[in-house]
Amino acid sequence: TPGAHAPASARSAQLFDRASAVIPGGVNSPVRAFGSVGGTPRFIASARGCTLTDVDGNDYVDLICSWGPMILGHAHPAVVDAVQRAATGGLSFGAPTESEIELAETIVDRVASVEKVRLVNSGTEATMSAVRLARGFTGRTKIVKFAGCYHGHVDALLAEAGSGLATFGLPTSPGVTGAQSSDTLVLPYNDLAAVEQAFAAHPGEIACVITEAAAGNMGAVPPLPGFNEGLRRLCTDHGALLIMDEVMTGFRVSRSGWYGLDGVAGDLTTFGKVMSGGLPAAAFGGRADVMNHLAPAGPVYQAGTLSGNPVAVAAGLASLKAADQSVYDALERNAATLGTLLGDALHAAGVRHQVQFAGTMVSVFFADRPVTNYAEAKASDTWRYPAFFHTLLSRGVYAPPSAFEAWFVSAALDDAAFDRIAQAVPAAAAAAAAA
Ligand code: PMP
């Protein structure tokens, strides 16, 4: 039974009760709740390197990494030092700073398709602003998104949105009006013919196609060969903008993100997570002629009191600087090792499964064949996941509490961490088999 060997969680349970009285569902973002796996979410007291420590004193090998940002591991000395120095100099000015330029230059330097960048506070803001800019630039209203892709909780982008909506089985959200969603066309991921048909059915009406550069919010589902290239071609042919959402993949799967792997240039690209170092910072950028439509250079409005916050920018810059080639090599190695451990254990336990990679993002599907879209992800044996998850957790391995989320490695995972994972996965695989 899930939780049968669970380490002490009394203090977490107490805090969860207390949180639930004043915070809806006890959490400030739905995927943190153990909604689909059951049990009490662990309240984290601190983290260092690849280890999370909860309020009951339990240690976990962290395979979530704050849902992506922490590629260096937690409390990396260079990042903490940069944050402390920035904080000492003042927390927010509402006026421009030199470090914002440095972060923008770093992004422009690493991602050749991006000529200009605007900093924002979250991935949601980045995609919301990119879509508005695409509409303002093209003068068109309709947008195309793919089922199972998550682009933040933007009204127009919540339809069949993956991530927490997949976890909780929500097709979209109450509160999104017909007016907000009726211009959104939702198509199956990895299906170029569907995109071609959409352009044919709505000539001159589609402002943009937004896609995760490689999907990570229905589990790790990479684009099939030619899919991103095909989107690029169709958008160009039909005068629509291509928005590459690299909030998850950016600066994680390579120093230039997914763009560094397939070289398909979005007209606009969104970033978050890794570029923030773990503080609230995100960005969108792209072609200068498009970005110059933003206020105050142009008429498309977009703003933010805390955008380019000096402490967040310092954390992001320090993280990107510390992420040298050895860090990306370690991410590659660690993702491969994790995938092998998971696959071997599930194979030995006789559980049908796929270990999938989108770059260095990893996930496990309980399915016979590779999962290429949301329908296939949903059709997998997700009911095996809670037992798998809880057995790992009870043995000190913190995996995503949802069958529809990618697993994130850090460069800080060491031999001791992999020993612990290696010891935990056979029991977890057996639990999944027995589920
Ligand atoms: N786009 C993608 C691809 C994401 O994975 C996420 C967050 N998981 C977002 C956008 C939204 O980012 P945020 O949670 O910072 O608003």
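Which residue takes a positive phi just after helix 8? Before I answer, please keep in mind that what we are looking at is a predicted model. The residue is G239, and its phi is about 70°.

Helix 8 runs over residues 227-238, and its 12 residues reach 16 Å from the first C-alpha to the last, which is close to the 16 Å expected at 1.5 Å a residue. Its buried residues are F227, N228, L231 and C235, and because these cover an arc of only 100° around the axis, they lie on the same side of helix 8. Against that buried set pack helix 7 (192-201) and strand 7 (206-212), together with strand 8 (241-245) and helix 9 (259-262), whereas the face turned away from the buried side carries T236 and D237, both of them exposed.

Turning now to the ligand, there are 17 residues around it, of which S122, G123, T124, G152 and V247 come nearest.

Four strands form an open sheet in the order 1-2-3-13, and the pairing is mixed. Strand 1 (44-48) and strand 13 (397-398) stand at the edges, each with a single partner strand, so one side of each has no neighbour in the sheet. The partner in question for strand 13 is strand 3, residues 59-62, and these two pair in the parallel sense over two bridges, with D62 standing opposite Y398 of strand 13.

How values were computed: Residues numbered from 1 in each chain as written. Predicted model: local features only at pLDDT ≥ 70, side-chain atom pairs only at ≥ 80, totals over all residues. Near = placed C-beta within 6 Å. Expected span 1.5 Å × (residues − 1). Buried ≥ 20, exposed ≤ 12 C-beta atoms within 10 Å, placed from the backbone. Arc of directions from axis to C-beta. Contact = placed C-beta atoms within 7 Å. Pairing = 2+ DSSP bridges.
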